[in-house]
Amino acid sequence: MTLIERAHQRALLQDLFSKALHRRGGTAVLHGPLGCGRTELLRAITEHAVETGALVLRADCIQAERHVPLGVLRQLFTASPGTPDVLRQAFFDLWNGAAPRSAPAALKSGHPPLPSWAAGELLSLVHATAAKTPLVIAVDDVQHADEPSIHFLSRLVQSIRTARVLVVLTECPALPAHAQSPASDALTSPYVRRIPVPALSPLGVHHLLSAHLTAREADCYAASCHRVSGGNPLVVQALLAEHLDHGTVRTGKEHAPFQASEATARTVLSMLRRGSPELLTVARALALLGEWGGASSISRVLELGKDRVTAALEALDEMGVTHEDGFRHALVATGLLEDPDFHEHKVLSLATARVLYECGVPDLTVARHLINAGDAEPWARAPLIQAAQEMLAAGTPGLAVSALELAVQVSESHRGKAEITAFLSHVASRDNPGQLLRFIDPLLGYVREGALTGRCALSLVRHLIRYGREGDALEVIRTAGSAAEHLDAETAAALDHTRCFLRVNHPSVTWPLPVHPHVVRHRPWTGAAAGAGTTNGTELLERVLTNGPQDDLTPQALQVLETTRADDASLESALAVLEALTYTEHYDLANEWGSRLHDVATTHRLSRWSALLTALRSEIALHQGAPVAAQELGEESLGSLAPSLWGMEVAMPLSGLVLAYTETGQHQSAQQLLDKPVPREVFKTRFGLLHRYARSRHLLATGRYHAALEELSACGAMAKAWKFDTPTFLPWRSDAAVALQKLGDEEEARRLVLAQLERPGGDSPTARGTALRVLAGISRPSERLTLLRESAMLLSGKGSRLELARTLVDLTHNYRNHGDHAKAEMVAQQARFWADACGATALVSTVRGHSAEPIGPCVLPDCPTTEAESRAVLSEAEQRVAELAALGSSNREIARKLHVTVSTVEQHLTRAYRKLQIKRRSELPSRLISTPVDGTTGSRPGSPMQTGRPM
């Protein structure tokens, strides 16, 4: 270490040595904080002494050997290089002759083991040696010296005033400052010169840096280096070495300030280990307490006198480790706490938590210390639970789990353990759904014992149903509802939510849930009750499944979605709302919010909800007529959870993926999924109904019409039994009609299609458009064009794009059958576009031109990019008229359809031709595909003519 700001100390030591050379022996004690250069000064004076011909006897004291009798003297007289043989042999003779007989008794009585006569003989030999050669006796860290050696050194100091002997000792002050160590007591003498060795000043740090850096760099770094190191030379050297190792100097870039690193923390820890154990312990307590680390708090944590703690804090400040009751850098505190030798970590962490709790520190801080301790006491139950709720809200469920596990451990009541375990199961399964499985049986046991009741018990029903334990779920429901007349508002609300959940997801069982007409809605796990007007998403879904699309659905749906939080109850309600929007053909809104909520679930690491929302987005894509996107989402969803963790809900992604494979012609992949075994209890759930429907669609697509019809009939029977018989949810009748048509039973097929049109939701765009296409196939040729054009118009608004492509294909064939090839080619162009956009390439091959060859992919003509073109957008009325014209409708048919005059139709078409820069009707499809509707009000998302690329 470079000696900076130590010229005065060196001069004093050299002066004392010069006097000793002239038989005016003396003693110097270098004292100061750890790491400030006491040892370096000792080395400097001993090197100077050797250069002048003096003999140096040196000993280094360590804490671990302070109880080894005469350990320091043994180093001085037997281990120092150049020790005269006579002195070495004399020490051994005296030790072997006197120590074995007297040492045990002497140590026990507190007297030195070396008898007075032996010490006297050794002193005589020291003086005799010094008479021949000047002698320097150097002892580093004398505060750790053994007591017998201290007594001898004390006698030596008193006897060298006329000898050629210099004694130089280094000492770190004892704690507290006014309590002298044995060495200080023994070496107190007016002939002892005490020389302080303080930390460096800012200027001293600058000088030290200048020895290794350029002047400009030293100017830039000096202030930050002093701020981080406190002027401690050892820490400054560590910071500089770290800085140089990383090559952050002499780069020509702007000079960043010095920062403490892990290497700096290791240097401080090593330095503190050289001090007293008490100093290190106080430093660790300060690291644990952080901003609450005052002397009083540390004293209570360590059960140590406040004066001793205050002295230790002062010593840490003098060392430059701390400043204003805190560490100069957080990494130092971290290093102290992560030290493998910190064996008292658990005990001190627990003590710290207790003191902080008594001081009113926030529960979150108290809980973190308890978690670090891995232990708790009964008083900690409430702060642990409160902290777990805060951790959960902050997105750290792992810490919340640790806090709740400790809370269960210290809870003294059986009911308390049950309720905390219920909360723990909820938290633990957020980012690891598999954790839930280990809690189900213990929670069920608590229910049976009567320790777990109310909404906590009812929350278990969902988990039991998910894993096919219907009987256990019934038992919990009967237990929770047995005191129906005495239920509190929370339990009544939980019963209401559970009833809705079971009704829409597990409708095959009549659940014994009592009805409470006056219920205050409650969101489980949050402790917050919502007003009676709060919308429950499962209620909306139930209404849609039972009664079809609802006029007031959208505002109520948005009310739920816009207030969704990252918790199970809220996401359960939101998922149901998204399903309700999907089954009312609000596809764009459902898809937008599905994506948003998926991001929320992913951000909060809610893996189960992320998987469910991805599966729902796959289903939405199917309803939109985008099977390729549905396939990607379905595969992502199915692969994001282990099969064992899906439970009954596995049918949700499976059914969507089977349908996606079927629609894109990947029938082998669909069959492989269908061959995978699923729990038989699945088919008692709504998801199981969707799975059966997907199987029937696969059978239909692969030409197994009898099997498809049987499966579809079974789906219809289940839907009717459960009162879920709405075509926006399950259009089984139109699919069964296709199978019947293929089997030659057109009369029954017609009956089913007409029945579907009469069902609630049967007049919605996709449901009605699909039914009309099927109906056209079993109607008289004179009726088919009208039915197909109406189907196309319905589906082109906001219906399924795939169903639109099918309708356009059928419409193309019908125009050709009527000999109207111009219109057939107009519609075929649109059919190609939408079939390609949907990934239904097999569908394109069914549309053939005059050459009887398949029509290739749709290629849009290049559009001019003039300023006039950029303004050429159609109004809504022009767009609608142009779309109908592109489908082959005459002006009179368009007028009748839109309830306007023929003249109005002609005017709209004229303006549309001008804006689109075309001259004839046959050019409409290609130009409409890439032309937007002006404005946003009244535009029809998903219109086939609205955009040049599929959504």
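Modeller: The second largest cavity is lined by His426, Ser429, Arg430, Pro433, Leu436, His463, Arg466, Asp568, Arg608 and Trp609, where a cavity is a set of points on a 1 Å grid over the protein atoms alone at which a 1.4 Å probe fits but cannot get out, and a lining residue has an atom within 4 Å of a point. Two elements, α22 (454-466) and α29 (607-624), each give two or more residues to this lining, helices being DSSP runs of H or I with at least four residues, numbered from the N terminus. This is a predicted model, in which local features need pLDDT of at least 70 and side-chain atom pairs count only at pLDDT 80 or more, while totals for chains, interfaces and linings use all residues. Residues are numbered from 1 along each chain as its sequence is written, and side-chain values use heavy atoms, with hydrogens and water left out.

By class, the lining has three nonpolar, three polar and four charged residues, with Ala, Val, Leu, Ile, Met, Phe, Trp, Tyr, Cys and Pro counted as nonpolar, Asp, Glu, Lys and Arg as charged, and the others, Gly among them, as polar. The volume of this cavity is about 90 Å³, taken as the space filled by probe spheres set on grid points that are joined across faces, edges and corners. By this rule there are seven cavities of 30 Å³ or more.

Terms used: On a 1 Å grid over the protein atoms alone, a cavity is a set of points where a 1.4 Å probe fits but cannot get out, and a pocket is an open set with protein on both sides within 12 Å along at least five of seven lines; lining residues have an atom within 4 Å of a point.
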